Amino acid sequence: MDFMASIFSVSVREYVKDYIRQNGLLTLSVLAVITGCVLGFTLRDLDLSTQAKIYFSFPGELLMRILKMLILPLITSSLMSGLSSMESKACCRMGVLTVTYYLWTTFVAVVVGIILVLIIKPGYGTHAEGSRLGGGQVITSADALLDLVRNMIPSNLIEATFQQYKTDIIPIMKTPVNTGRPNFVYLMPDEENPKGRTVLLELTPPPDIEYKTRPSSSQQMNVLGIVIFSATMGLLLGKMGERGVPLVNVCQCINECVMKIINAAVWYFPFGIIFLVAGKILDMSDPSTLGKKLGWYGMTVMAGLFVHGLILLPFFYFILTWKNPFTYIRGLLQAMVIALATSSSSATLPITMKCLLENCRVDRQIARFVLPVGATINMDGTALYEAVAAIFIAQVNDYELDFGQLVTISITATAASIGAAGIPQAGLVTMVIVLSSVGLPADDITLIVAIDWILDRFRTMINVLGDALAAGIIGHLCRKDFPPDRTNVPLTEVPLLGGKDCILEVVGDTVFERPTVYYNICQV
């Protein structure tokens, strides 16, 4: 009996150690989200001051800063080093498949949202609020599309690391010309003139307002421009051959260092998540009031995200790869929890990359290309939400949409989601484009602002899930272009140029010695 008990205790200890090693961080992250929710709702009764809330949320702010700090070096180093080692045909095929798949899933998400909002009709039971934003001219769909193209080709690459191009609409007031003629003539009797005397009344007409566009910028990273530039640099470095090796080695070293920073910082995430979630709950309005006003709208968005994220996307993965999608998704739970806490697909990018490489065993070169592109243009959850929100606002205003307007919403929501930044609540900005495309009042966005921060977290999870599943699908479809012996090469096996007469190159089990290629500054 003692022998059996000792064997049982040893097996239990081994199981616990194995579980902690594989799922310990995920478990801590889930517990952190639950703890943050409980702590946030508990502290709401204390009615903390604004300054106290800022101090309380400081650990969560540090978490966001750590993640945002890693975005730029991760995107640039991943794309440059990944694409430089690919053949042109393989890279072109992978790029076409990736963009086509992203556009397809985004359009499907929009269609799912439109179908659900037309069936549930959440707007017919909701009354519009009396206080709204002031009306005025809003940016048109054409200007928004041009801004998207401008951001793809930034005029200043350094500026693109912290600013995006944005077209601003400014009103210009023109004073009407005074004709000098009275507008109205009155006869007013008084004691001296019982029959009345003539009174001339001149009314000043309201000023004419013209709207003019001007170039401006918004304080957020132009990820799309950085992705386009880095991808172009990576392709050209690959064609340069030996001359491009020094810069490729630098990018590989940067990428390896970033992943090491992620591995070290990832243990801070559960602690930061607690205060990040609790701080957001402290800032939210009364939950019961929101539930009464926007309950059906929130349920419609959540139902659409559930159908698209847990039914359609896994179905596409299964059809294209013939593999179990939920086994794959289990390796992404850590990234999805971080997406739920941070509400930013760009900030979650380092964790998603880590999960794909370590848990899902996706080819390193494919993950380096598909994920940064997906975090920029693949916003399934945002596209679905914008379609639902536009039709919800139309229902609130008793505005009947015909089939042509529904098609317009689907196309505009797909295009607008591509231009949406991977930051919290970026969908509200592009929401204006969707509303203006069918003539709905843009100031009605205030109807959904109160509940948007909650829904934003769940649609970010779907965005991250879509990016990761796309990496698995593209990895399966392009597996012939990336032989197994070329995948996941350790950095120690990458030949680095140095002040030596020869370089040791490892090929299989054989070590070759070849002369060092020297470059002058003009060649590099």
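Student: How many nonpolar, polar and charged residues are in the lining of the second largest cavity?

Tutor: In this predicted model, the lining of the second largest cavity has, by class, 4 nonpolar, 2 polar and 1 charged residues. The residues that line the second largest cavity are Ser345, Leu349, Thr352, Leu371, Ala375, Val464 and Asp467. Two or more of the lining residues come from each of helix H13 (345-358), helix H14 (364-377) and helix H18 (446-477).

Student: Which element gives the most to the lining of the second largest cavity?

Tutor: H13 gives the most to that lining, with 3 residues. The volume of the second largest cavity is about 30 Å³, and the count of cavities of 30 Å³ or more comes to 2.

Student: How should I read the packing of helices?

Tutor: Two packed helices are described by the angle between their axes together with the distance between those axes. Take H13 with helix H3 (residues 58-84), where the axes come within 7 Å and cross at roughly 65°. That angle makes H3 roughly perpendicular to H13, and H3 passes H13 in a left-handed crossing.

Student: Which residues of H3 and H13 make the contact?

Tutor: On the side of H3 the contact is made by Met64, Leu67, Leu70, Ile71, Leu74, Ile75 and Ser78, and on the side of H13 by Ser346, Ala347, Leu349, Pro350, Ile351 and Met353. By class, the contact of H3 with H13 has 11 nonpolar, 2 polar and no charged residues. Leu349 of H13 belongs to this contact and also lines the second largest cavity.

Student: At what angle do H4 and H18 pack?

Tutor: Helix H4 (residues 88-120) packs with H18 at an angle of about 140°, and their axes are 10 Å apart. H4 is therefore oblique to H18, and the crossing of the two is right-handed. The contact is made by Arg93, Met94, Leu97, Thr98, Tyr101 and Tyr102 of H4, with Gly466, Asp467, Ala470, Ile473, Ile474 and Leu477 on H18. Sorted by class, the contact of H4 with H18 has 8 nonpolar, 2 polar and 2 charged residues. Asp467 of H18 takes part in this contact, and Asp467 is also one of the residues lining the second largest cavity.

Student: At what angle do the axes of H15 and H18 cross?

Tutor: The axes of helix H15 (residues 380-396) and H18 cross at roughly 155° and come within 8 Å. That makes H15 roughly antiparallel to H18, because an angle over 145 degrees counts as roughly antiparallel. The crossing of H15 and H18 is right-handed.

Student: Which residues make the contact of H15 and H18, and how many of the residues are nonpolar, polar and charged?

Tutor: From H15 the contact draws on Asp380, Gly381, Thr382, Tyr385, Ala389, Phe392 and Val396, and from H18 on Leu447, Ile448, Asp452, Arg459, Ile462 and Asn463. By class, the contact of H15 with H18 has 7 nonpolar, 3 polar and 3 charged residues.

Definitions and conventions: Residues are numbered from 1 along each chain as its sequence is written. This is a predicted model: local features need pLDDT of at least 70, side-chain atom pairs count only at pLDDT 80 or more; totals for chains, interfaces and linings use all residues. Side-chain values use heavy atoms; hydrogens and water are left out. On a 1 Å grid over the protein atoms alone, a cavity is a set of points where a 1.4 Å probe fits but cannot get out, and a pocket is an open set with protein on both sides within 12 Å along at least five of seven lines; lining residues have an atom within 4 Å of a point. Grid points are joined across faces, edges and corners, and a volume is the space filled by probe spheres set on the points. Helices (H or I, at least four residues) and strands (E, at least two) are DSSP runs, numbered from the N terminus. Ala, Val, Leu, Ile, Met, Phe, Trp, Tyr, Cys and Pro count as nonpolar, Asp, Glu, Lys and Arg as charged, and the others, Gly among them, as polar. Axes are lines fitted to C-alpha atoms, for helices over the stretch in contact, and angles run from 0 to 180 degrees between N-to-C directions. Angles under 35 degrees count as roughly parallel, over 145 as roughly antiparallel, 65 to 115 as roughly perpendicular and the rest as oblique. A crossing is left-handed if the near helix is turned anticlockwise from the far one by less than a right angle, and right-handed if clockwise. Contact means heavy atoms within 4.5 Å.
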